[in-house]
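User: Please examine the model shown below and answer a series of questions on its local geometry and packing.

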Amino acid sequence: MENKDQILGSNPILKVENLSIAFKTDTGVYPAVEGVDFEVYEGEILAIVGESGAGKSALTASFARLLPRNGKIAGGKIFFKGKDILALDEKGLRKIRGSEIAYVFQDPMTSLNPYLRISTQLIEVLRLHLGVNKSEARKTAINLLEKVHIPDAEKRIDSFPFELSGGMRQRVMIAMAIACNPKILIADEPTMALDVTIAAQILELISELNAKNKTSTVLITHDLGVVAGIAERVIVLYAGRIFEAGRIGEVFSSPANPYTKGLLQSIPNPADGRQKEPEQIPGAPPRLDEIKAGCRFAPRCQYAEEVCFQEEPKLYKISPSHSSRCHFAEKIHKSSQAA
């Protein structure tokens, strides 16, 4: 707990202020992220959780201005080490991308070039960002593969991606991401295509590297259960809005938002055996062109009242480090504590 207090008391390495992101489609321009505020602190693991379409990937892609062509930052600011990323030119961005802010994507087979050996792809990253010669880059690349626990690294480095297992390919992606000792590592659903055992190993590796390198890690996932033992804080995103945010212990033990409660209840509990099926949240998140007035979760919420369909709730402070976007946040928080 002492370490977590120190993290939250330090200056943020990344600060997002009132950020909004929009996407242009054939039928118009629609918001994907709206009015988002949060910080990432040095050395912490922050989880961003939500269903598909919540805006998680768009939000984190904006950190290095990597949005697709039809996406744009519609408002707000992003500060990295005190500098406004949105004010940087291309030269300034190139200094940050990959070297200071690095990404691990959910499917390494679409991120790694299938026609190039792992050695070629790793060495290219090292030579581009560190300016070392080919021989030195190869030695460093082998060392990186060893760091991410790939056995026989000297032999594996000359493999093609298809010659490696899914877990091995994801480790290669992590090795490429940490090659330049980035200040922030964005791990976007890094365990989605992996079985449970390998997924646990990848999460353990991310946690280990975070502790050793003091890298700030932003872990994106749709599953709250994934982050239970790895993250310090969690942000719950729904339809482009932050619905709940706080320390892992606070949010897991006493959620103050119906959406968060629904996500937690959908996690399978081995203790229940086959007697109890995990509860599912009814319905589906709204599409970008379906967002209406009021609370965006109201059509799926069992606690919704008339005010929920008419007025969008603000983020209420439950404690200095815990907030919830719900008209009945206090009531739901108290009921969670009593349960």
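User: Which side chain of opposite charge is nearest to Glu-189?

Analyst: This is a predicted model, in which local features need pLDDT of at least 70 and side-chain atom pairs count only at pLDDT 80 or more, while totals for chains, interfaces and linings use all residues. Residues are numbered from 1 along each chain as its sequence is written, and side-chain values use heavy atoms, with hydrogens and water left out. Glu-189 is buried yet forms no salt bridge, a term for a side-chain nitrogen of Lys or Arg within 4 Å of a carboxyl oxygen of Asp or Glu. With Lys and Arg counted as positive, Asp and Glu as negative, and His and the chain ends not counted, the nearest side chain of opposite charge lies 4.5 Å away and is Lys-56.

User: Is Glu-189 buried or exposed, and at what relative accessibility?

Analyst: Buried means under 20% relative accessible area, exposed over 50%, and partly exposed in between (1.4 Å probe, protein chains only). Glu-189 is in the loop between strand E7 (184-188) and helix H9 (196-213), where helices (H or I, at least four residues) and strands (E, at least two) are DSSP runs numbered from the N terminus. Beyond its neighbours within four places in sequence, Glu-189 is in contact (heavy atoms within 4.5 Å) with Lys-56, Gln-106, Ile-220, Thr-221 and His-222. Glu-189 counts as buried because its relative accessibility is 6%.

User: What is the phi of Lys-214?

Analyst: Most residues other than glycine have a negative phi. Glu-189, not a glycine, has a positive phi of about 45°. Lys-214 is in the loop between H9 and strand E8 (216-221) and counts as exposed at 56% relative accessibility. Lys-214 is not a glycine either, and its phi is positive, at about 60°.

User: How many aromatic pairs does a search of the whole structure find?

Analyst: Rings of Phe, Tyr and Trp (its six-membered ring) pair if their centres lie within 6.5 Å; planes under 30 degrees apart count as stacked, over 60 as edge-to-face and the rest as tilted. By that rule, the number of aromatic pairs in the whole structure is eight.

User: Why is the pair of Phe-38 and Phe-63 classed as it is?

Analyst: Phe-38 lies in strand E2 (residues 28-41) and Phe-63 in the loop between helix H2 (56-61) and strand E4 (71-80), 25 residues apart. Both Phe-38 and Phe-63 are buried. Their ring centres are 6.2 Å apart and their planes stand at 55°, so the pair is tilted.

User: Which cluster do ring pairs form around Tyr-238 and Tyr-259?

Analyst: The rings of Tyr-238 and Tyr-259 have centres 4.6 Å apart and planes at 55°, so this pair is tilted. The pair links strand E9 (residues 233-238), which holds Tyr-238, to helix H12 (residues 258-265), which holds Tyr-259. Tyr-238 is buried at a relative accessible area of 1%, and Tyr-259 is buried at 0%. The cluster linked by ring pairs is Tyr-238, Phe-243, Tyr-259 and Phe-297.

User: Which element gives the largest share of the lining of the largest pocket?

Analyst: On a 1 Å grid over the protein atoms alone, a pocket is an open set of points where a 1.4 Å probe fits, with protein on both sides within 12 Å along at least five of seven lines; lining residues have an atom within 4 Å of a point. The largest pocket holds about 570 Å³ of space, and of its 21 lining residues the closest to the centre are Arg-97, Gly-98, Val-125, His-129 and Met-176. Strand E6 (101-104), helix H5 (118-130) and helix H8 (166-177) each give two or more residues to the lining. The largest share, five residues, comes from H5.

How values were computed
Grid points are joined across faces, edges and corners, and a volume is the space filled by probe spheres set on the points.
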